[in-house]
Amino acid sequence: MSTERTALSRRHFAGGLLAGAAFLAAPPAKAAGGAAPRVAVLDYGAATTMLALGVEPVGVASADAWDRWVKTPELPPGTIDLGQDLAVNLELLAFLEPDLIVISPYVAAARPALERIAPVEMVTIYAPDGPSPLERAVAETRRLGALLGRTGAADAYLDATFAELADMRARLSRLPLPAVALVSFMLDARHARIYGRHSLYQDVLDRLGVENAWTGATNFWGFQTIGLERMASMADAAVELIVFEPIADEMRPTLEKSPLWLSLPFVRREDFVMFPPVLMFGMVPSAIRFARLLTEHLEARFS
Amino acid sequence: MMAETRDKTPAIALTLFAAAAAAAWLLLREDLPHLLEPAAGYGADRMVLLYSQLPRLVVSLLCGAALALSGAILQRALRNPLASPTTLGLSAGASLALVLAGLVAPGLLVAGREMVALAGSAATAGVVFAIGARRNFDPVALVLGGLIVSLYCGALATLLILLNDRYLVSLFIWGSGSLAQQDWSTAVTLGPQLAVLCLGVALIARPLGLLELGEAGTRSLGLSPSAVRVLAVSIAVALAAAVASAVGVIGFIGLAAPTVARLAGARRVGPQLVWSALIGAAMLWLTDTSVQLLAADMGAFIPTGAVTALLGTPLLLLVLPRLKLSFAGGMAVLSARRWRGPTMPAVAVALGGLALLALAALFIGRTPAGAWQVNGLEDWDVLADWRLPRVGAALAAGAMLAAAGAILQRLTGNEMASPEVLGISAGAMIGMAAILFLITDPAYPVLMTGAAVGTALVLGALFILTRRSGFLPERLVLAGIALGAMLDAFIGALAATGDPRSLVLLRWMSGTTYGTGTASALVSLVLAGGLVGLTVALARWLDLLPLGASGARGLGLSVPRARGVLLVLAGLMTAAATIIVGPLSFVGLMAPQIARAAGFVRGGPQILVGAAAGGGLMLTADWLGRTLLYPYEMPAGIVSALVGTPLLLALMRRT
């Protein structure tokens with residue numbers, strides 16, 4: 001019975017992937033002849049969502065650091081760098097004359113200025129209260145789809161994504177999984193950012209039925225900065241540690257020497273793995289990218 | 001003064017230690033029994049106790065003692081109650097060295113993070129003392145030089161962090177001094193270093209005491225006073241650098257502990273050094289343990305260094321009225337060539353140059369693809385919307401800062417005073433920060449209101465704090481410094497938690513004309529015209545005040561009232577400028593100097609030409625910031641600091 005269901009959802013999943021691949025491979029909107037809106041995007045998460053919907057932004061803020069933080073999907077060549085996200089080059093934007101500017105609350109201080117250039121839409125994923133990041137991301141994806149004349153693409157993309165998530169959950173449910181701890185060492189070798197409640201990653205874990213080892217408090221961006229020694233508080237249970245890149249170069253050798261780090265049970269058992277960059281403050285594309293990396297890793301290790 | 005003062009230092013030190021021990025007991029009471037357990041097995045709590053808690057305790061004691069000792073030596077050797085590792089810029093230098101190494105040669109950090117930091121603080125010490133040496137280590141010159149170098153390092157580090165935002169945020173943790181430990185390596189490295197240095201301290205203590213007796217005392221030992229000073233200061237620098245490289249910037253302990261020891265009655269050198277060290281150790285231990293207790297409750301990460309700085313400011317303000325400042329009055333006024341030609345044509349030339357500069361800043365720019373171009377009038381719509389307001393705002397801000405700086409420098413009789421030092425710009429920033437935390441999505445007008453309220457509060461506080469002393473210049477400067485340090489600590493702590501809003505704050509701190517609209521640019525220009533004009537009208541007061549209170553009174557000027565009015569004027573101009581270009585700019589420091597170096601010595605011409613120079617500096621800085629790294633921008637406040645500070649240091653050395 002259960003294998004049958006899995007097979008079914010596998011097929012469903014494959015179908016979803018195909019559908020996804022089909023519209024991802026489709027030429028971007030402007031090539032389709034319709035007057036696609038020229039959109040300037042000030043938020044990586046919104047930019048990945050637009051790319052997933054098949055719309056290439058004319059310009060993206062902080063485009064030069066895209067590979068370091070987002071990696072996948074790739075930014076199309078020819079996308080104009082708008083300057084730093086907290087201070088996009090307004091003069092440049094004015095010369096570009098976009099039809100629409102997409103922002104997030106993080107850069108909202110510039111909103112009055114931006115509104116003098118083009119209509120502004122704000123995509124809110126992280127807020128002090130209200131729905132979780134993934135729920136908000138889904139709603140915002142539909143809204144972006146409607147704004148860009150891509151309602152169908154948005155629906156198809158979300159359907160495919162959730163089918164894939166459900167399939168991954170089914171595959172993982174058969175495995176004896178430990179809890180996972182998600183950290184990044186953007187700071188130094190003594191401190192980590194650990195992701196928990198209110199984070200996009202947490203939503204993905206919930207969808208996949210994987211337990212988060214960190215149940216402590218987090219800020220509204222869904223992470224907490226902790227001294228390394230506090231990671232030991234998660235040591236008792238079986239925990240798989242996942243470290244996200246980017247990691248500062250000087251950190252690796254330091255970590256390799258630290259007795260506290262080396263004696264952490266998951267490090268001693270080598271129950272830890274480095275993941276390539278996954279935008280932590282992203283939207284649905286980052287969620288599914290993290291889900292795929294995690295599922296692949298857990299399946300490889302625990303089946 | 002010489003009356004019997006009971007020495008209360010042992011009681012104070014004992015109380016501090018008792019409090020620290022009690023806090024530590026609260027923190028560790030559940031874990032301590034693990035020490036008795038056999039070493040087999042993992043035991044998370046036991047590992048944490050052994051490799052994190054206990055080393056942290058030892059490191060906090062070591063660092064507290066070392067910083068206090070360093071401060072005590074510096075204060076003694078330089079006869080300067082304000083000297084400390086923080087006020088002389090040693091910590092900021094180390095911080096900048098680490099940021100640079102992280103960007104340019106990360107390999108250096110792997111090889112020796114400590115050595116990089118050490119080189120940084122040594123270099124800053126070199127610069128600060130090179131300035132000080134020209135002035136016989138005059139206390140005020142030294143501390144102000146230290147603060148300027150400190151601000152300069154901070155500005156550079158801020159710029160680097162801004163341009164590499166997310167990655168280098170890490171350095172805030174170091175910059176805010178975290179005592180978190182993962183093993184004994186810090187304690188094991190630091191311990192022997194400090195032991196050697198303490199030996200040096202023991203040797204230097206006696207000659208240091210003889211310094212008090214004047215030249216003859218030290219010469220009787222066969223030592224020149226300056227040799228004793230140099231030796232003592234080197235030891236203090238090494239102590240501070242050792243701590244900075246080990247745990248980062250822990251502000252204020254090096255200033256507070258020796259001050260407490262002295263006020264409590266430790267007068268002779270030996271007891272003063274010993275008690276300072278003990279009080280410093282207890283202070284840092286207590287702070288760090290309290291931070292951990294608090295952090296456990298709040299589930300938050302708080303860097304201890306930021307907390308020491310936050311606690312330190314109120315205490316410093318409290319102690320301020322009791323401090324006997326032995327400043328030898330104002331410093332010598334810069335020798336300047338007297339302007340021999342007629343003044344009015346020269347002022348006109350300065351204003352004409354300013355107009356040309358403004359035109360260049362308006363019409364020379366880059367294309368969206370990045371090529372340089374001179375924009376024609378067909379681009380006027382975009383230029384009028386996006387460049388003109390920035391040029392205007394930069395000009396207004398620079399002019400107001402310059403006039404405010406001229407007032408302050410004349411008022412304090414100290415050419416190193418500047419609006420930044422007054423702490424009013426810090427107040428504006430605190431107001432803006434408060435708004436950022438109350439409203440998720442603040443608009444510019446709301447932010448401006450916050451800044452204005454913050455400015456008014458600080459100005460009011462300064463008034464009340466200093467009214468009784470008749471606006472004594474040095475008190476003002478000290479209160480301002482304390483406030484600025486508190487702001488730094490607050491932003492440092494916030495940034496270390498990784499709160500993304502800290503980057504917004506950082507950007508405001510850095511001073512950018514970014515986002516200035518036509519209306520606010522016009523308001524700034526009108527304000528600048530009015531306030532600078534008013535200052536010129538009151539220029540006679542500025543010429544009379546440096547004559548001293550009695551001299552000025554003799555010429556029919558009510559000194560307290562004149563000082564009060566001028567202070568309000570300087571405060572208003574600083575506030576209006578800070579809202580535009582942030583609190584870090586050095587224009588208020590540089591522009592009046594430039595005017596004076598060019599020969600405009602009397603009040604009126606100095607303010608006019610200074611304002612023109614300030615406006616020119618700021619709009620040049622703004623233009624460079626907009627175009628050099630296009631489409632990325634560098635904040636005008638920081639660019640002006642980077643360009644102007646070396647100029648200023650050169651100026652200081654020349655005189």
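Guide: A residue counts as buried if 20 or more other C-beta atoms, all placed from the backbone, lie within 10 Å of its own, as exposed if 12 or fewer do, and as partly exposed in between. This is a predicted model, in which local features need pLDDT of at least 70 and side-chain atom pairs count only at pLDDT 80 or more, while totals for chains, interfaces and linings use all residues. Residues are numbered from 1 along each chain as its sequence is written, and chains are lettered from A and ligands numbered from 1 in the order in which they are written.

Visitor: Why is K71(A) called partly exposed?

Guide: K71(A) has 15 C-beta neighbours inside 10 Å, a value that falls between the limits of 12 and 20, so the residue is partly exposed. K71(A) lies in the loop between α3 and β3 of chain A, where helices (H or I, at least four residues) and strands (E, at least two) are DSSP runs numbered from the N terminus. K71(A) is not a glycine, yet its phi is positive, at about 70°.

Visitor: Which peptide bond in chain A is cis, and what is its omega?

Guide: The bond that joins T72(A) and P73(A) is cis, with omega about 0°, and P73(A) has its place in the loop between α3 and β3 of chain A. In chain B, the bond from Y630(B) to P631(B) is cis as well, with omega near 5°, and P631(B) lies in the loop between α26 (603–627) and α27 (636–654).

Visitor: Why is E97(A) placed in its exposure class?

Guide: E97(A) has 12 other C-beta atoms within 10 Å, and because the class "exposed" takes in counts of 12 or fewer, E97(A) is exposed. This residue, in the loop between α4 (90–96) and β6 of chain A, also has a positive phi, of about 50°, although it is not a glycine.

Visitor: What makes F266(A) buried?

Guide: F266(A) has 21 other C-beta atoms within 10 Å, and since the limit for a buried residue is 20 or more, F266(A) is buried. F266(A) sits in helix α11 (residues 265–268) of chain A. Two residues are in contact if their C-beta atoms, placed from the backbone, lie within 7 Å; leaving aside neighbours within four places in sequence, F266(A) is in contact with V239(A), E240(A), L241(A), D271(A) and F272(A). Its C-alpha atom is separated by 9.4 Å from that of A232(A), 34 residues apart along the chain.

Visitor: What makes β3 and β7 of chain A edge strands?

Guide: Each pairs on one side only, β3 being residues 80–81 and β7 residues 120–122 of chain A. They belong to an open sheet of 5 strands with parallel pairing, in the order β3-β2-β1-β6-β7. Strand β1(A), residues 39–41, pairs with β2(A), residues 59–60, over 2 bridges, and 3 bridges join β1(A) to β6(A). A40(A) stands opposite G59(A) in β2(A) and opposite I101(A) in β6(A). Further along, 3 bridges join β6(A) to β7(A), with I103(A) opposite M122(A).

Visitor: Which residues have the most contacts inside the largest nonpolar core?

Guide: They are A181(A), V243(B), I279(B), M400(B) and A403(B), in a core of 285 residues; such a core is a set of buried Ala, Val, Leu, Ile, Met, Phe, Trp, Tyr and Cys residues joined through C-beta atoms within 7 Å. Leaving aside neighbours within four places in sequence, M400(B) is in contact with residues including A528(B), L531(B) and M573(B). Of the 655 residues in chain B, 56% are buried, and this chain has 27 helices and 2 strands.

Definitions and conventions
Pairing = 2+ DSSP bridges.
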